[in-house]
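Q: I have a structure to go through with you. Can we take it step by step?

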Amino acid sequence: MEALPPDCATALSEAASNAMANSRPYLAIAHSLRDGMVRTYEVLALPTYCRWSGTLIGIYVNEQGAQYNLLDAIFSTTGDGVIALLTIRDAVGNPVDFQIAHHNQAAAKLLNVPGRSLQWQRLNTSGYLLGSEAVMERLRAAAAKHQSDQFEIEHEDRCLRLAVTIFSGILSLVISDVTPLKRREASFRLLFDSNPMPMWVFDLETMAFLMVNDAAVNHYGYARENFLQMKVHEICPKDEWDSHARALQDLDETCQSERHWRHVEADGSELCVLTYGRRLVLDQREGYLVAVADITERRKAEARVAHMAHHDGLTNLANRALHKARLRDALEAGGHAPGERVAVLCTNLDLFKNANDSFGHPMGDQLLQQVADRLRCEMSGNNLAARLGGDEFAVIMTTDTSPKEASDFAVRLIRTLSVPYEIDGHQVVIGASIGIALWPGDGTSSEELMRNADMALYRAKEDGRGVHRFFEPEMDRQAQRRREMESDLRRALADGEFELNYQPVVDLASDRISGFEALLRWRHPKRGMISPADFIPVAEDIGLIGSLGEWVLLEACREAASWPSEVKIAVNLSPVQFRSRNLVQVAISALANSGLPPKRLELEITESVFLAETEANIAILHQLRELGVSISLDDFGTGYSSLSYLRSFPFDKIKIGRSFVKDLAKRSDCVAIVRAISGLGRSLNITTPAEGVETTDQLDRLRAEGCNEVQGFLFSAAKPAAEVEQLLLRFGASASRAA
Ligand code: C2E
Ligand code: MG
Ligand code: MG
């Protein structure tokens, strides 16, 4: 086989090995090439078992049909037109015309002429497309200079590319139809030019802009000529040139920027963009097409949204979420660097609610903004001020804050925040209390630290406001007790743990009981009797006072209805009960249910009813009075004791607080105050009973000062309902009970 020419050997061995592999005859078709002529054979391989050993292969070769010229075959089947031209020269040897020596069928087809008619044609006289002056000129030039050439011509809405090469005086002309290519190019241009996205192509070799679209010119503000004189990196600010160059080094076929880039506009302002690109060949140059998405506005909006998510809309201080995150970060950082101390300060504005109620919310907002401005001015280093909500603010002090530094800062802050505020020509005075918790020590988590700072704040408020307090573990225990009381209280009303005791009120003129004050008692299953002074504020805070007060009123009226008809009942009201707005309705139903005549019911309020929502509360008082109920001002002299309260509502009674009665013997100012109040009462025609009378000496002095009613342990403490009858017997009121 090795002795055979390669084409024969390949065909024979292929047939033989396939026949062996299948163990049956195999027929192959083979071609051989001699002097450019192709012959076709059938090769039949027959495997024969040999008696002695192995297999013998018999091969029969049979020539098939006609032979043909290979080059002619290729020539006539290609889609490109090929024409061989002989050059015809003038007397001085310049090429003047060309004669078609050979051409394939595709050439005739592309030139749109009958196949045979081209052969031996002279181009000049042919009248065909190739004889046009434009083509002739290029051909003559190529022939004269012995140089290859390539150019395009338009013909009947098609575009033909003509490639001319020259060998031994013969011009070979290859004609290709590039119409689809041209159409693609045209649609690319259209897409490029009219694209609303800024786009450009830059040269991958020189890095110069090759073309830019209108959108790029408009968006960036460079004139097109300026653009085309620039290198592509010059669109970035100088400090990004290095990273831009690195990104260009490993450009892929396509790319989509993984990061945003900064681009510089003609006026120097910066854009934030994303870029998308693809390699292309433009006018035979390796280029890169880039489309730009300007995300400057989107980034700004995102930044705005992120800012809004972390800042308080009114004051632009950090909000609760940011405060929490930063505190957590500070504790984490402190955890890595031992000795780093962190302080959190919680502050609450004193009297803000009053200012907000009396000046209105728009002014309250302005006030909060000014508070925030002052807070901001006090911040230094990494310290962060936040508004947690309402009039609650907080400061995180990082950078290893000592207790002394935290305390000094708190003092300064309270002083700064307490300076009167000027709002719309009004002077507003508020103050601030501050609670401080330190890390490490006062808690391990940010939540615990904040809770403890809050507890310290609570203490600061209790201690008279305008002060700061550090957290102490005892506060935690108190808070724990308070939480227990809250949950016990919620249950207590349903479980019937409340009861009313009644303290007699004695009329000094007749020396008889004129009425009783109902005083609430809580019989706690574990802790025994709990004073109303301890649990009423809690009930007010947790919103239980409404239903509790309603129960008191119903119960007291029901009880009093069974007493002699001249004996009155006094019931205490909490200022919080005024907020629910159904107080009048509650009083009406208590009276209706019990059948108690309204004139026997006295409602005791404290001055704090006038501290907030004064107008609305006074309206409620008037409605209560219209029912026929009398209204007393309790504990007068212990709170603000503003005389304007006496003017704002015509009270039936002003009760002189126990604190004045207690010191009547010792302090002359107490005598003066009692005298003044009862004198005031007489001239306003208001009864002025005194509370907390424990000794006969106090009684005598009160009588001397003109007090007409008294109440106190001297007569009796508050007693359960069952003992009322006995008390009535003892203090001379008619002992007979009502029917
Ligand atoms: P208040 O209305 O001024 O009641 C008088 C308080 O002084 C009562 O205390 C009474 O027991 C006490 N007291 C009376 N005479 C004397 C005395 O001679 N010496 C001394 N040391 N104390 C005397 P209590 O019962 O502990 O009530 C405290 C406060 O709790 C009441 O002060 C009242 O403001 C409030 N309160 C009591 N019951 C109710 C209620 O049903 N509703 C509301 N909202 N508050 C109530
Ligand atoms: Mg009272
Ligand atoms: Mg009182």
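Q: Is E517 buried or exposed?
A: E517 is buried, at 3% relative accessibility. The cut-off for that label is under 20%. Keep in mind that this is a predicted model.

Q: And what is the relative accessibility of E604?
A: For E604 the value is 2%, so E604 counts as buried too.

Q: Which protein donors does the magnesium ion (ligand 2) have?
A: They are E517 (OE), N572 (OD1), E604 (OE) and D634 (OD). Their distances to the ion run from 2.0 to 2.2 Å. E517 sits in strand β23 and E604 in strand β26, so the pair ties together parts 87 residues apart in sequence.

Q: How are the donor residues spaced in sequence?
A: The pattern is E-x54-N-x31-E-x29-D.

Q: Which residue bridges to the magnesium ion (ligand 3)?
A: D634 does, linking ligand 2 and ligand 3. The two ions lie 3.7 Å apart.

Q: Switching to the overall fold. How many helices and strands?
A: The protein has 25 helices and 30 strands. Its radius of gyration is 54 Å, well over the 27 Å that the globule rule gives for 739 residues, so the protein is more spread out than a compact globule. The C-alpha trace spans about 160 × 80 × 55 Å along its principal axes.

Q: What about confidence? Where is it lowest and highest?
A: Helix α21 is lowest, with a mean pLDDT of 78, and strand β25 is highest, at 97. Residues 734–739 fall below 50. Where pLDDT is low, the predicted coordinates should not be read in detail.

Q: And the average pLDDT?
A: It is 90, and 98% of the residues score at least 70.

Methods:
Residues numbered from 1 in each chain as written. Chains lettered and ligands numbered in written order. Predicted model: local features only at pLDDT ≥ 70, side-chain atom pairs only at ≥ 80, totals over all residues. Heavy atoms only, no water. pLDDT = per-residue confidence, 0-100. Helix = DSSP H or I, 4+ residues; strand = E, 2+ residues; numbered from the N terminus. Contact = heavy atoms within 4.5 Å. Donors = N, O, S within 2.8 Å, 3.2 Å for Na, K, Ca; no water. Buried < 20%, exposed > 50% of the residue type's maximum accessible area, 1.4 Å probe, protein only. Rg over C-alpha atoms; globule rule 2.2 N^0.38 Å.
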